[in-house]
Amino acid sequence: MTDFAIAPEALQKQIQETLGAKAKSVTVALGEVTVVVPAADYLEAARLLRDAPGCRFEQLIDLCGMDYSDYREGEWEGERFCVVSHLLSVSLNQRVRLKVFALNEGLPVVDSLTGIWSAATWFEREAFDLYGIVFEGHDDLRRILTDYGFIGHPFRKDFPVSGHVEMRYDAEQKRVIYQPVSIEPREITPRVIREDNYGGLH
């Protein structure tokens, strides 16, 4: 077993040496290593993380999109959309988080990782469906969770919680139909528990 599994700073140093200028930052927080790379170097950095002797991240275990538009109540000043991947090295017993930001908020595009880790296929479809992030080079980029005629991307911060349309079965037409949402927007205030011993807690 390498020291990386118990000393993330050692992995941080190894990744800094492996990626060099291709890494915008390599940080350690809460015992986890996070690498941020520019969109232009995303694929090459991913290949190095997979193939370099001191890295050998053979498995992609998760990939998701993120919308930073309301991060820390609007204090974020960077790009809006990000793709986050979690990589695992079974052979070296180590993990890393890889992040890349899409440069264009209007049409966020990053390269697809499917040619490096085939497990990225459905994860990237999910990020496309929920955030509208386009993965260039993906062979089958289409929605995976929402309905065929769905409009918009529901995990974006500016997408209404109630959505735009609702569907119901129409007995007269004998089919499912779409109609404008009938739910009125409302402010939900969480219940504040003031009892001193609520639930037996002291």
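In this talk, a residue is called buried if its relative accessible area is under 20%, exposed if over 50%, and partly exposed in between, with a 1.4 Å probe and protein chains only. By that rule Asn-93, at a relative accessible area of 38%, is partly exposed. I shall return to this residue.

First, the basis of what follows. The model is predicted, so local features need pLDDT of at least 70 and side-chain atom pairs count only at pLDDT 80 or more, while totals for chains, interfaces and linings use all residues. Residues are numbered from 1 along each chain as its sequence is written, and side-chain values use heavy atoms, with hydrogens and water left out.

Let me begin with the overall arrangement. The protein chain has three helices and nine strands; these are DSSP runs numbered from the N terminus, with helices being H or I of at least four residues and strands E of at least two. Their order from the N terminus is α-β-β-α-β-β-β-β-α-β-β-β. Of the 202 residues, 35% are buried. The accessible surface, by the Shrake-Rupley method with a 1.4 Å probe and, for residues, only the protein chains shown as cover, comes to about 13,100 Å², and carbon and sulfur atoms hold 52% of it. Taking contact to mean heavy atoms within 4.5 Å, 50% of the contacts between residues at least 6 apart in sequence join residues at least 24 apart.

I turn to the interior. A nonpolar core is a set of buried Ala, Val, Leu, Ile, Met, Phe, Trp, Tyr and Cys residues joined through side-chain atoms within 4.5 Å. The largest such core has 35 residues, of which Ile-15, Val-35, Tyr-42 and Leu-113 touch the most other members. At least two residues of this core come from each of helix H1 (8-19), strand S2 (32-37), helix H2 (42-51), S3, S4, strand S5 (94-101) and H3. Apart from this core lies another, of five residues, including Val-36, Tyr-68, Val-84 and Phe-101. Leaving aside neighbours within four places in sequence, Tyr-42 has contacts that include Val-37, Leu-63, Val-83, Leu-98 and Leu-113.

Next, helix H3. Just after H3, Gly-132 takes a positive phi of about 80°.

On aromatic pairs, rings of Phe, Tyr and Trp (its six-membered ring) pair if their centres lie within 6.5 Å; planes under 30 degrees apart count as stacked, over 60 as edge-to-face and the rest as tilted. The structure holds seven such pairs. Tyr-131 and Phe-155 have ring centres 5.8 Å apart and planes at 85°, so this pair is edge-to-face. Because Tyr-131 lies in H3 and Phe-155 in the loop between S7 and strand S8 (165-170), the pair ties together parts 24 residues apart in sequence. Tyr-131 is buried at 13%, whereas Phe-155 is partly exposed at 47%. Elsewhere, ring pairs link Tyr-68, Tyr-71, Trp-76 and Phe-101 into a cluster.

Finally, back to Asn-93. This residue sits in the loop between S4 and S5 and has a positive phi of about 55° although it is not a glycine. Lys-174 also has a positive phi of about 55° without being a glycine; its place is the loop between S8 and strand S9 (175-180). At 63% relative accessibility, Lys-174 counts as exposed.
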